[in-house]
Amino acid sequence: MGLEEIGPLRERALSLIRAAKDLAALEAVRVEWLGRKAGRITALLKSIPTVAADERARFGQAVNDLKSAVTEHLAARRAALEAAAPRGPMADVTMPGRRPPLGRLHPITRATREMVEIFGRLGFEVVEGLEVEDEWHNFVGLNIPPEHPARDPLDNYYLKDRVLLRTQTSTVQVRVMEKRKPPVRIIAPGRVYRPDTVDASHSNMFHQLEGLWVEQGVTFADLKGVLAMFARAFFGPQVRTRFQPSYFPFTEPSAEMYVSCLLCGGEGCPACKRKGWMEILGCGMVDPNVFEAVGYDPDQVTGFAFGMGIDRQAMLKYAIHDIRLFFENDVRFLRQF
Ligand code: 2U9
C-alpha cells in the first residue's frame, strides 16, 4: 500500500463514522478499522517495517495521523450518539395518566371518628390533652392513692420524678374540670401507655376513649341511657346491654357494661367463652373525692364517667384477632378497611 492511498482511506473511514446511526454501527466501524486482529489501520501499522527505507518515515507518519484522526472522530461520534440516545423507554404522552393510589383511614382512626360522631349527637365535645403528664393529673386528682398498685413504677413509664406517659385519658377530663365550671359534657380520645408485655391482646401503647358528663341532676339512669345508645349505634341495633357492679377509685358506684355477643348474639360461642356476653367498657358515677380535687362542690353536681379501649372495640367490630396488627403498618392488613 502506497502513501497516495492513505488520503482516500481517511475519507472512507470518516464517512463511515458519520454514517453510523447508533452505537452498535459505530462499534462495527471501529472494529473494522482499528480492531486489534484484523483492523485495516492496524494492518497498515504492522506493515510499516516492510516499507522501503526511503519511504518508511513519511508512510509511518501518515498512517499514525490516520489512526489519530479516526480515533478522534470515533470518540466524537460516540459522544454525540450517547447524548441523543433515549434513556429507558420513551413515554407515550398520549396515554391516560396513572392514578396515584388513594390512601385510607387507619381502622383505629375510623373507629375513633365513628365514636366521636355518635357521642357528638348526644352533645359531647371532643377534648385533647397531653401524653406526658404529671402524677397529680394521672393519679392524685383521680382519687388513686400513693399505695395503689396502679402507681407502681414498674407499671408505668416514668420519664422523671413525678412525670410519666399517661396511663389513661382521664387526665384530660381532670384538666377540663380545673379550668371550666359545670356543666361539662366531654369525650377524650387518645393514646395511653402501659409497660405491658406485648401479646395478641396487649400493647404497651393503645387508645382510649373516655367520657364525662357533669351537671346538676345527672344520674345513673343517664349513664345507662347514653352508653346503651352508644352500643347500639356502634355495634348495631340488635345489641343488648347489661351492667355489672365493679370498682374504680374514681367512680362510685362503678360498673362494667357488657354487650350481647357480637358473634353468636348471646347463644354462647368460643368468642364470648360460652357466656353470651362481652365486656366492652367501665363506667360509674364520678367519686365525690374527684370533684373536690378539682374544686367542684359534690353537693351541687353529680356526673358519670366511662372509659373504653378503642383498639378493643375496633377488634370486636371488625373481627381482628391480634392488636399488634394495628401497629405493624402492613398494607395487606390496612387495605381491608
Ligand atoms: C374523671 C372521672 C372518672 C373514667 C373511667 C373506666 C371506668 C374504665 C378502662 C376501660 C378499659 C380503661 O381502656 S381501658 O383499659 N376504663 O373502666 N374509666 S370509669 O372515669 C373517669 C374519668 C375522668 C375525672
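A residue is called buried when its relative accessible area is under 20%, exposed when that area is over 50%, and partly exposed in between. Keep those cut-offs in mind. The model here is predicted.

Start with Arg175. Its relative accessibility is 23%, so Arg175 counts as partly exposed. Arg175 forms a salt bridge with Asp134, and the closest N and O atoms are 3.6 Å apart. This pair links distant parts of the chain. Asp134 sits in strand S2 (residues 132–134), while Arg175 belongs to helix H7 (residues 170–179). The two are 41 residues apart. Asp134 has 26% relative accessibility, so Asp134 is partly exposed too.

How many salt bridges are there by this rule? The count comes to 14. Now look at another one. Glu82 forms a salt bridge with Arg78, with the closest N and O atoms 3.8 Å apart. Glu82 and Arg78 are separated by about one helical turn, because they stand four residues apart in helix H4. Glu82 has a relative accessible area of 38%, so Glu82 is partly exposed. Arg78, at 33% relative accessibility, counts as partly exposed.

A further salt bridge joins Asp330 and Arg332. Their closest N and O atoms are 2.7 Å apart. Is Arg332 buried or exposed? Arg332 has a relative accessible area of 62%, so Arg332 is exposed. Asp330 has 25%, so Asp330 is partly exposed. Salt bridges can also share partners: in this way Glu27, Arg30, Arg78 and Glu82 are joined into one network.

Helix H4 covers residues 53–84 and also holds Asp54. Asp54 is exposed, because its relative accessibility is 69%.

Next, turn to the aromatic rings. The structure holds 16 aromatic pairs. One of them is Phe291 with Tyr296. Their ring centres are 6.0 Å apart, and their planes meet at 20°. Planes under 30 degrees apart count as stacked, so Phe291 and Tyr296 make a stacked pair. Are these two residues buried or exposed? Phe291 is buried, because its relative accessibility is 2%. Tyr296 is buried as well, at 7%.

Ring pairs also build a cluster. Its members are Phe119, Phe124, Trp213, Phe230, Phe234, Phe235, Phe304 and Phe306. Find these rings in the structure above and trace how ring pairs link them.

Conventions. Residues are numbered from 1 along each chain as its sequence is written. This is a predicted model: local features need pLDDT of at least 70, side-chain atom pairs count only at pLDDT 80 or more; totals for chains, interfaces and linings use all residues. Side-chain values use heavy atoms; hydrogens and water are left out. Buried means under 20% relative accessible area, exposed over 50%, partly exposed in between (1.4 Å probe, protein chains only). Rings of Phe, Tyr and Trp (its six-membered ring) pair if their centres lie within 6.5 Å; planes under 30 degrees apart count as stacked, over 60 as edge-to-face and the rest as tilted. A salt bridge is a side-chain nitrogen of Lys or Arg within 4 Å of a carboxyl oxygen of Asp or Glu.
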